[in-house]
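Here is a briefing on one protein chain. Look over the sequence and the model, then read on for its packing.

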Amino acid sequence: MLFNIWNIKKNNVIYINNNINDDIFKNITIYLIVRNPVKRFISFYKDKIINQLKNLKKFDQYCQKEFLKFYSEEFIKSDKFNVDSVLNALEKGDYNDPHLQHQSKNYHQSKNYHQIKKINKNIKIIKMEDEHFEDKICKLLNINELPKYNDTSHIQNIELSNEQINRLKEIYKDDYDEFNY
C-alpha cells in the first residue's frame, strides 16, 4: 500500500517507519503514488472478483472474505455477486481491505504524514494515470522497467454504468478532492 512505510532500503528507495528522523526528510522529495478511484476499483474487481473468484473459483483471499460481513459465502461465489454487491458493501463503510481503502484517508491519517509535513513541504503526488507515469517512476527508482504483479489486461473489460461511477465518486469523494480527480 502506498502509505505503509518500512525501514529498509531497496532499489534506491528509502522506506521509513514511524520513528522518523527529521534530518532525513528536510532535503528530500517525498513521492506519493495514487490512482483514480474508478480505475482502481475496476482493477480490483477484474482481479479479485472476475479472475480469482469467478474464473479460478478461488475464495481464499482476505479481500474476498471481507464480504462475509455483508453476504453469505454462497452468494459471494454465485453469479449474483456483482459490481453493485461490492459497491453496496463499500457504501456501508465496514469493508476493510487495503485494495479499496481511501487513499486520502491513508495519506492524512498516517502517523508519518503530519510529522513529514512539519519538516518538509516537498511532497509530490504522482498519478498512475499520468501519461508518462512509468517513465517517471523508472527514472526515480533508477530501473529500466516496472515489474507487473497484477496485470488484469487479459481479463475481460468491465463497463460501469454512470450510476455506478457516480456511486464510486461519492464513496471516494475525499480522494477526488485531495488528488484532483
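## Packing in the predicted model

Leaving aside residues up to four places away in sequence, Val86 touches Phe41, Phe44, Tyr45, Ile49, Phe67, Phe81 and Leu100. The model is predicted.

**Nonpolar cores**

- The largest nonpolar core holds 29 residues. Phe41, Phe67 and Val86 touch the most other members.
- At least two residues of this core come from each of α2, α5 and α9.
- α2 gives the largest share, 8 residues.
- In soluble globular proteins, nonpolar side chains tend to be buried together.

**The α2–α5 pair**

- How do α2 and α5 pack, by angle and axis distance? The angle is about 115°, and the axes are 11 Å apart.
- The crossing of α2 past α5 is right-handed.
- On the α2 side, Phe41, Phe44, Tyr45 and Ile49 make the contact. On the α5 side, Val83, Val86, Leu87 and Leu90 do.
- By type, the residues of this contact are 8 nonpolar, no polar and no charged.
- Four residues of the α2 side, Phe41, Phe44, Tyr45 and Ile49, are also among those that Val86 touches.

**Helix α9**

- α9 spans residues 162–171. Gln164, Arg167, Leu168 and Ile171 are buried there.
- An α-helix has 3.6 residues a turn, so residues three or four places apart point the same way.
- Asn162 and Glu170 are exposed, on the face of α9 turned away from its buried side.
- Which helices do the buried residues of α9 pack against? They pack against α2 (37–55), α5 (83–92) and α10 (173–179).

**The whole chain**

- The chain has 10 helices and 4 strands.
- Along the sequence, the pattern reads β-β-α-β-α-α-α-α-α-α-β-α-α-α.
- The chain has 181 residues, and 40% of them are buried.
- Take the contacts between residues at least 6 apart in sequence: 71% of these join residues at least 24 apart.

Key:
Residues numbered from 1 in each chain as written. Predicted model: local features only at pLDDT ≥ 70, side-chain atom pairs only at ≥ 80, totals over all residues. Heavy atoms only, no water. Buried < 20%, exposed > 50% of the residue type's maximum accessible area, 1.4 Å probe, protein only. Contact = heavy atoms within 4.5 Å. Axes fitted to C-alpha atoms, helices over the stretch in contact; angles between N-to-C directions. Left-handed = near helix turned anticlockwise from the far one by under 90°. Nonpolar A, V, L, I, M, F, W, Y, C, P; charged D, E, K, R; others polar. Core = buried A, V, L, I, M, F, W, Y, C linked by side-chain atoms within 4.5 Å.
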